[in-house]
Amino acid sequence: MAVSVEAPERASFEGRTYYFCCASCRARFEEAPAAFLGGASPAPVAPPHSAAAGDWICPMHPEVRRDHSGDCPLCGMALEPRLPAAAAEASPELTDLTRRFWVSAALTAPVVAIAVAGLDGAWAPWAEAILAGVVVLWGGEIFFARALASLGNRRWNMFTLIGLGVAVAYGYSLMVLAFPDLLPTLVQDKKGATGFYFEAASTIVTLALLGQVLELGARHRTGAAIRALLDLAPKRALRVRPDGADEEVSLEEVRVGDRLRVRPGEKIPVDGLVLEGASAVDESMITGEPVPAAKAPGDHLVGATLNGTGALTMRAERVGSETLLGQIVRMVGEAQRSRAPIQRLADVVSGVFVPAVVGAAIVAFVGWALIGPAPRLPHALVAAISVLIIACPCALGLATPMSIMVATGKAAASGVLFRNAEALEVLQKVDTLAIDKTGTLTAGRPELVSVIVTGGQDEATLLRLAAALERASEHPLAGAIVRGAAVRGVALVDATGIEALAGRGVRGRVGGRDVALGNARLLEELGVDAGAAAARADELGAAGQTVAFVAVDGRLAGILGLADPIKEGAAAVVGALRAEGVRTVMLTGDSRATAEAVGKALGVDEVIAGLLPAGKAAAIEKLQAAGRVVAMAGDGINDAPALARAEVGIAMGTGTDVALESAGVTLLQGDLGGLLRARRLSRLTIGNIKQNLFFAFAYNALGVPIAAGVLYPLLKLQLTPEIAAAAMALSSVSVVGNALRLRAARV
């Protein structure tokens, strides 16, 4: 069936759509689809952020996704589940390779023993050939299959080198054993002895298997963060049937709209709304707050949080992957599989690396064959095989993905979600942080902070009269006055004849007295003289407080000051960022006076007030035009354009879904302290990646010439294939081990 080209990044084959990372890959696919897919039955490869993305993904090439297990057509590595299971299940590939390794090691030991001991007798090389044959053909079967696939789709990789090296070593030895008179002068030393490399072939396979086992085990551990998140969710829920009876069902059976019963001490099964009952729920996994949150009918519940001593009946509103926990797991998984910009260097090098290594092996072979010591052919083969094996690019390919996987998992455990690797990399370069005020620097909930009595009333009476007027209002400032009175122990009473005056305030009768509460315009309408209290009101306004005047029976009785309190620790975070050389800019739609007061209290460098959503995005663009690398932190729908415009958008986990979807980083607990942790982790991760890349490049830069024999003229030292195989395995393990160090880093 012909290939149908649908767009530059995708094409159709046999009724399925395939997505590609570049036009070059798509062109190779069009030329030979079956070969590109490694001979496997075609399966669609979905784009990285598609909702229909496959469940299996390549750890080194996240753009390759399928709906079944198999090998990556680009690098040959086994595809992994996109998200690990909740239980730490053993990888089938890891189990298989572990078995092959132990059998191969057991068979390789006698092969090496016979070769080292130099046992005489015609039986010795044949015994080596048989034992090594089992190791090479059975133990190394996976390497040959992947090597052939790489040659078929013209994407040479590390398995190409392993396959070539082992095939040459074993094939040459078998040929010399079966046909000893074919090339006697080229393969015999001065004593007439013939060298075999059965032990080299079997050792290479065994050590390559060991490297794969260690690497797979380490990669399996990087999924611990997601498994820990998945384990937070309960496995079953108690559903209320239409007849009122309870039935226990698995969490997968819960649907939106189901009535669920949550008993004391149980975990909340899914996100939903309280219908009946009251309790205190431990939401520390989301909020970080140790004090349980009181829940009553109408309150929202978050799945996987822990119910206290009360019984609740709830309605399921979000289930499965749509719950907050499901979204967190998805974001962590996608971040772990995304590619950082720093990976482009490794990608460019990898594209020409294997052909260059094969060329170096050919040059080494020809050089030893022409000018090397006798026997020339064995020495030439040893040099070529050693170059092929020691230069396997596994360490280069793993340098970035391993660090990203470990870092994003650790970040999630610290209350920080990175949407992708690019955000993780760019965050440490940020030199300007634009911050929304309400809900980000402040609590986003106004509180009564000042009570000034100017008439003959005492404070309790003043608050009782004011709260009585505001009890029926849904305005945030009204709620702040009512809460402030309750906190101060003031008993609330009812008001009558309440009249809301748009843009000015409210008035009514409380206990037979005429009471009015509002702004200065209301006082003017009522003919109430503020007198000396006007100056005090101006002081409160300059301090960032919203002023409400209270008049009783036509005379000013007092002034209430309301403000959105600054979040605890916000000033310390701003100070820490400034100490790191980060310029802080507050962007807010609030008034200039209020914004300036908050900015002064926090110590921000610049305050830009009175902004609409488009204005915030424009302010970000202006900063970028000045050459600044800008991050934007916010929590509301009005912050979404600015979050998307900045190099890195940082959303408060307590904010809106729109803000979360627009951001590259989410601070789950809603505190800016998470930003400091995220920046430290960003710096540590990029440093770790640079260490890995340096090690991988330096290793190959030194290893290939030594394997080719540059030290032989001076030190009479020639690297054996066995040592090359050991070095190859250790290089990959060292990169993985260095990446795993991030798990213990302090952020």
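Student: Taking two strands as paired if DSSP finds at least two bridges between them, how many bridges join β11 and β14?

Tutor: Strand β11 (residues 279–282) and β14 are joined by two bridges and pair in the antiparallel sense, where strands (E, at least two residues) and helices (H or I, at least four) are DSSP runs numbered from the N terminus. This is a predicted model, so local features need pLDDT of at least 70 and side-chain atom pairs count only at pLDDT 80 or more, while totals for chains, interfaces and linings use all residues. Residues are numbered from 1 along each chain as its sequence is written, and side-chain values use heavy atoms, leaving out hydrogens and water.

Student: Which residue is the bridge partner of D282?

Tutor: D282 has L306, in β14, as its bridge partner.

Student: And what sheet has β11 and β14 in it?

Tutor: They belong to an open sheet of three strands with antiparallel pairing, in the order β12-β11-β14. Its edge strands, β12 (293–295) and β14 (306–307), each pair on one side only.

Student: OK, β15 next: how many bridges join it to β9?

Tutor: Four bridges join β15 (residues 312–318) to β9 (residues 259–262), with the two strands running antiparallel, and R261 has T313 in β15 as its bridge partner. β15 also pairs with β10 (residues 271–277), again in the antiparallel sense, over six bridges, and there G272 stands opposite A316.

Student: Switching to packing, which residues touch the most other members of the largest nonpolar core?

Tutor: Of its 52 residues, F143, V166, F198, V205, V357, V387 and I390 do; a nonpolar core is a set of buried Ala, Val, Leu, Ile, Met, Phe, Trp, Tyr and Cys residues joined through side-chain atoms within 4.5 Å. Several helices each supply at least two residues of this core, including α3 (92–117), α8 (198–222) and α26 (673–708), and the largest share, eleven residues, comes from α13. Apart from this core lies another, of 48 residues, among them V416, V573, L681 and A739.

Student: Is A570 buried or exposed?

Tutor: A570 counts as buried because its relative accessible area is 4%, given that buried means under 20%, exposed over 50% and partly exposed in between (1.4 Å probe, protein chains only). A570 lies in helix α21 (residues 570–579).

Student: What does A570 touch?

Tutor: Leaving aside residues up to four places away in sequence, A570 touches L441 and L602, with contact meaning heavy atoms within 4.5 Å. The C-alpha atoms of A570 and A601, which are 31 residues apart along the chain, are separated by 10.0 Å.

Student: And L370, buried or exposed?

Tutor: L370, found in helix α12 (residues 343–371), counts as exposed because its relative accessibility is 59%.

How values were computed
Two strands pair if DSSP finds at least two bridges between them.
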